[in-house]
Amino acid sequence: MEKFEIEEKIVAMLKTVYDPEIPVNVYDLGLIYKIDVADGGEVVIDMTLTAPNCPAADFIMEDVRQKIESIEGVSSATINLVFEPEWDKDMMSEEAKLELGFL
């Protein structure tokens, strides 16, 4: 499977992961900063959270890891939690802003 196809599947899978407190997925919230797919199917994702002290952080990261590792062609997933740059609502997709009433 091509890296591009795997990346597309990763994005689709990320759109099924939600912060329990926000009715928008982590991808459309702009929480995913980087997706790297290596030749061997190893995936590294840099992501952030809407707040550094998010009580659901472990749950969200584990959900992301398990879902990414379930994708055909992915051999492993490493999820890095980063807080640089700091997330703000301008990183959200138009759909997310509409859903949360920012537009």
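**View 1. T16 in the loop between α1 and β1 of a predicted model.** T16 counts as partly exposed because its relative accessibility is 37%; buried means under 20% relative accessible area, exposed over 50%, and partly exposed in between, with a 1.4 Å probe and protein chains only. The loop that holds T16 runs between α1 and β1 (32-37), where helices (H or I, at least four residues) and strands (E, at least two) are DSSP runs numbered from the N terminus. T16 and D58 are 42 residues apart along the chain, and their C-alpha atoms are separated by 16 Å. Residues are numbered from 1 along each chain as its sequence is written, and side-chain values use heavy atoms, with hydrogens and water left out. In this predicted model, local features need pLDDT of at least 70 and side-chain atom pairs count only at pLDDT 80 or more, whereas totals for chains, interfaces and linings use all residues.

**View 2. L31 in the loop between α1 and β1.** L31 counts as buried, because its relative accessibility is 1%. Leaving aside neighbours within four places in sequence, L31 is in contact (heavy atoms within 4.5 Å) with V26, D46, M47, T48, L49, T50 and W87. I71 is 40 residues from L31 in sequence, and the two C-alpha atoms are 20 Å apart.

**View 3. The crossing of helices α1 and α2.** The axes of α1 (residues 3-14) and α2 (residues 57-69) come within 10 Å and cross at roughly 140°. Because of this angle, α1 is oblique to α2; angles under 35 degrees count as roughly parallel, over 145 as roughly antiparallel, 65 to 115 as roughly perpendicular and the rest as oblique. Axes are lines fitted to C-alpha atoms, for helices over the stretch in contact, and angles run from 0 to 180 degrees between N-to-C directions. The crossing of α1 past α2 is right-handed, meaning that the near helix is turned clockwise from the far one by less than a right angle. On α1 the contact is made by I10, M13 and L14, and on α2 by V64, K67 and I68. Five of the contact residues are nonpolar, none is polar and one is charged. Here Ala, Val, Leu, Ile, Met, Phe, Trp, Tyr, Cys and Pro count as nonpolar, Asp, Glu, Lys and Arg as charged, and the others, Gly among them, as polar.

**View 4. The open sheet β1-β2-β3.** Three strands form the sheet in this order, with mixed pairing; two strands pair if DSSP finds at least two bridges between them. β1 and β3 (76-81) are at the edges with a single partner strand each, so one side of each has no neighbour in the sheet. Neighbouring strands are turned by 15° against each other on average, direction ignored. α1 packs on the sheet, touching β1 and β2, and its direction makes about 145° with that of β1. α2 also packs on the sheet, where it touches β2 and β3, and its direction makes about 155° with that of β3.

**View 5. Bridges of strand β2 with β1 and β3.** β1 and β2 (residues 42-47) pair in the antiparallel sense over five bridges. K34 has D46 as its bridge partner in β2, I35 has I45, and V37 stands opposite V43. Four residues lie between the strands in the hairpin of β1 and β2, where G41 takes a positive phi near 90°. β2 and β3 run parallel and are joined by six bridges; the bridge partner of V44 in β3 is T78.
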